[in-house]
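Reader: I'd like to learn how to read a model like this one, feature by feature. Could you walk me through it?

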Amino acid sequence: MEADPASAVIPRRPVITDLTSNVVVSKAKAWIRNCQSSHPNCPRAKIQRLPSRVVDVGTESKSPSVRVHTVAAQQCGEYICLSYCWGGPQAITATQNTLQELQNGIPVENLGQTIQDAIEVTRQLGFRYLWVDALCIIQDDDKDKEREIHNMASIYKNATITIAASTSTNSYEGFLRRKRTPPLGPKCHLPIELPDGKVGKVSLVSSRHHYPNHPLDSRAWAYQEFLLSTRVLVYSDVELLWECESQRQVPVRESFVSYEDNSPRRRLQELRRRVRRNEDRMYWNWHLIVNYYARRAMTDPEDRLNAIAGVAEVVGQLLNDEYMFGIWKSSAVDFLGWSTWSPTRRSPRAPSWSWASVDSPVGFSDYKPLAKVLACPPRPGDARGLVLMGKVRSKLPRGLSGSFRLDAEVEECERKRRRYLLLGDLGHNTGATALILMQVGQNRYRRIGCIDRIAIDLWHDCAEREITLE
Ligand SMILES: [Zn+2]
């Protein structure tokens, strides 16, 4: 193709679907070099502190084993992170029993194919260390897990690059040598006369906008892994893609396939921009981050706050705000008007006023707050109660219009204890957002649902009073 005279004037080339080829590996190395040396919004090449443990892939490209390396305090180096779907139990994980053995050395062939592929890429790119959660976090040690989840933001941010095993549904499938087919349109070949008189050949292919549908893109943990990483190599269903803080998703070379850039990092970039310009709607970006995140699936729903804790840490520093159960203290009322359209289970992992207390996707209403926050948790003797000043009604007339959504299955007998808190004005005479509460004590309530577009006048004769949501 390169030898064809037409290649001098036609920049586009066929898609390279062999992701182990020299062209692809050289391009990946060039992307990293270029990003580290000249991208305006990307960090320069810098040796970072290594995470607590890394997989040492050695210096021999064909070495049959790797080992888990426990990092001495302050040891620095460059490393790669892996973002992948677990998809069930792993071949080998770090546990209190296996750690010593893993430190002595593991045959590469005993690991799942996805991990094996990541080791191969790490070696190809000339790196020595790889971070893989299954091997670098002691899976049966709650303290270790908690500490590493807390370190997640810096683990992904400080990695030189993150490998996204986007197409694999589990750790056994691998991502490097799967069959990749470019989305092809009708194709024909035509001779073309060039300015210098030579005749070349061009292929006509209808250009395609491709919307990848990768298994990894639907996993909750992967959301923050993408969002926090400085650079990502996406092993997509078609070809290798690159994205970083300065560059939207691009393929190895320009072809007839173009990509929708729907990367989670755009929402964090937008938030940074708004903070820089001191715009009033910067908190709305957190609504969007949660909205996209909460649609994703997770193996253990109890990880709902954990799998976004790294992003919350970064956003907390940006907003200079305090985080409580998934929402921000200084804008708390803005985040109470969430609702779910597929109610499932409610979990005690978060207070009922937090979106993190349900397992399902959530959306947020956009209103001007009418209730006010008086005190936030934790307070002495009350770790989760949010104290509000607002108007509460005890009953609603029958046949009202509005969009009523319950958070989870609610017992019929609880109807008698229902109350309604006016939360905010939706503006443009479209009504109000209100919370459906259940009384659980003297001025104490639990949230059980949300109403949108309900007549605001229903609360006009109610006096404001102090209540606690738990
Ligand atoms: Zn860059």
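Author: Let's go from the whole chain down to single residues. Keep in mind that this is a predicted model.

Reader: Okay, overall picture then. How many helices and strands does the protein chain have?

Author: The protein chain has 9 helices and 27 strands. Its C-alpha trace spans about 85 × 60 × 40 Å along the principal axes. Of the 470 residues, 37% are buried. And if you take contacts between residues at least 6 apart in sequence, 70% of them join residues at least 24 apart.

Reader: What does the domain assignment give for this chain?

Author: Domain 1 covers 22–178 + 212–263, and domain 2 covers 267–469. Taken over C-alpha atoms, their centres are separated by 35 Å. Where the two touch, domain 1 puts in 13 residues and domain 2 puts in 14 residues.

Reader: Which helices each supply at least two residues of the side of domain 1 that touches domain 2?

Author: Those are helix H5 (142–158) and helix H6 (220–228). H6 gives the most to that side of domain 1, with 6 residues. By class, the side of domain 1 facing the contact has 10 nonpolar, 2 polar and 1 charged residues.

Reader: Which residues meet between H6 and H9?

Author: From H6 you have Gln-224, Leu-227 and Leu-228, and they meet Gly-310, Val-311 and Val-314 in H9. That contact divides into 4 nonpolar, 2 polar and no charged residues.

Reader: What about H8: which of its residues are buried?

Author: Helix H8 runs over residues 284–294, and its buried residues are Asn-285, Trp-286, His-287, Ile-289, Val-290, Tyr-293 and Ala-294. Their cover includes H6 again, along with helix H7 (265–277), helix H9 (309–319), strand S17 (327–328) and strand S19 (363–364).

Reader: Now a single residue. Is Ser-401 buried or exposed?

Author: Ser-401 has 9 other C-beta atoms within 10 Å, so Ser-401 is exposed. You'll find Ser-401 in the loop between strand S22 (386–393) and strand S23 (403–406). Ser-401 and Gln-100 are 301 residues apart in sequence and 64 Å apart in space, C-alpha to C-alpha.

Reader: Where is Ser-37, and is Ser-37 buried or exposed?

Author: Ser-37 sits in helix H1 (residues 22–38). With 10 other C-beta atoms within 10 Å, Ser-37 is exposed. C-alpha to C-alpha, Ser-37 and Pro-377 are 45 Å apart in space, and 340 residues apart in sequence.

Terms used. Residues are numbered from 1 along each chain as its sequence is written. This is a predicted model: local features need pLDDT of at least 70, side-chain atom pairs count only at pLDDT 80 or more; totals for chains, interfaces and linings use all residues. Domain bounds come from an automatic or database domain assignment. Two residues are in contact if their C-beta atoms, placed from the backbone, lie within 7 Å. Helices (H or I, at least four residues) and strands (E, at least two) are DSSP runs, numbered from the N terminus. Ala, Val, Leu, Ile, Met, Phe, Trp, Tyr, Cys and Pro count as nonpolar, Asp, Glu, Lys and Arg as charged, and the others, Gly among them, as polar. A residue is buried if 20 or more other C-beta atoms lie within 10 Å of its own, exposed if 12 or fewer, and partly exposed in between; C-beta atoms are placed from the backbone.
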